[in-house]
Amino acid sequence: MEIEISLSRLLLVIALILVVLAGVIGYRVSPFVGGRPVLLDRQNYAIKQYLDRAGAWAEAMETAGSTLRDLIPPAEEGGEERGEAYPTPIARPGDLYGRARTAREAQEALLTVKREVEQTAVPETMVGLHGLVINAVDAHLALGQAVLDLIGAPGGEPAARAAAQRAQEALGVLQEALAQQEALLQNE
């Protein structure tokens, strides 16, 4: 018993298999916005990639900033609130080496983010957002330096707290802008 398949039917089956395979591959590699796959042109794909990277940078800054803020003692512990010209150095949890290592690691993570930000190609329409990213990174780097200075020379708590406030505000502005961009993508 021989089964004969005509060439036209064989080609039809192969074509159907290729179409289904292309559809599955296309679905798997398509970016998703609002829970559904979206077909993006080259420029829109670059915008989507940039927004994803900016979100990752914001998360890295949030983590490093939190680590650095934890190294700043609470305001009521220093002598500056009591009107002393030179605050009394206070004992802080953890040893000097551990605190310095923690601050350096956070600072190195921020420097890595800064390098990535500087080396990333920015889509034309994302230049404004990129400025917010740079402001947030620079503010966090200043926080890192203020914390390192504080660890090395107690008494710089007010400067470190001010740097922490600036870094948190810059990150908040960036996160708000990213949330607005994400909302715009969801509405498309």
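Helix H2 (residues 42-70) and helix H3 pack at an angle of about 160 degrees, and their axes are 9 Å apart. The model is a predicted one: local features need pLDDT of at least 70, side-chain atom pairs count only at pLDDT 80 or more, and totals for chains, interfaces and linings use all residues. Residues are numbered from 1 along each chain as its sequence is written, and side-chain values use heavy atoms, with hydrogens and water left out.

**The chain as a whole**

- The chain has five helices and two strands, where helices (H or I, at least four residues) and strands (E, at least two) are DSSP runs numbered from the N terminus.
- Along the sequence, these elements follow the pattern α-β-β-α-α-α-α.
- Of the 188 residues in the chain, 31% are buried; buried means under 20% relative accessible area, exposed means over 50%, and partly exposed lies in between (1.4 Å probe, protein chains only).
- Among contacts (heavy atoms within 4.5 Å) in the chain between residues at least 6 apart in sequence, 75% join residues at least 24 apart.

**Helices H2 and H3**

- H2 and H3 are therefore roughly antiparallel to each other; angles under 35 degrees count as roughly parallel, over 145 as roughly antiparallel, 65 to 115 as roughly perpendicular and the rest as oblique.
- Such angles run from 0 to 180 degrees between N-to-C directions, and axes are lines fitted to C-alpha atoms, for helices over the stretch in contact.
- The crossing of H2 and H3 is left-handed, a term used if the near helix is turned anticlockwise from the far one by less than a right angle, whereas clockwise is right-handed.
- On the H2 side, the residues of the contact with H3 include Trp57, Ala60 and Met61, while those of H3 include Thr102, Ala103 and Ala106.
- By class, the contact of H2 with H3 has ten nonpolar, two polar and one charged residues; Ala, Val, Leu, Ile, Met, Phe, Trp, Tyr, Cys and Pro count as nonpolar, Asp, Glu, Lys and Arg as charged, and the others, Gly among them, as polar.

**Helices H3 and H4**

- The axes of H3 (residues 96-119) and H4 (residues 127-152) come within 10 Å and cross at roughly 160 degrees.
- H3 and H4 are therefore roughly antiparallel to each other, and H3 passes H4 in a left-handed crossing.
- The residues in the contact of H3 with H4 divide into 14 nonpolar, five polar and four charged.

**Helices H2 and H4**

- H2 and H4 pack with their axes 10 Å apart, at an angle of about 20 degrees.
- H2 and H4 are therefore roughly parallel to each other, and their crossing is left-handed.
- Among the residues in this contact are Tyr50 and Trp57 of H2, together with Leu129 and His130 of H4.
- The contact of H2 with H4 has twelve nonpolar, four polar and one charged residues.

**Selected residues**

- The count comes to one aromatic pair, by a rule in which rings of Phe, Tyr and Trp (its six-membered ring) pair if their centres lie within 6.5 Å; planes under 30 degrees apart count as stacked, over 60 as edge-to-face and the rest as tilted.
- Tyrosine 50 and tryptophan 57 form this edge-to-face pair, at 5.8 Å centre to centre and with 75 degrees between the planes.
- Both tyrosine 50 and tryptophan 57 are buried.
- Aspartate 70 is in helix H2 and is exposed, with a relative accessible area of 63%.
- The C-alpha atoms of aspartate 70 and valine 147 are separated by 9.8 Å, and the two residues are 77 residues apart along the chain.
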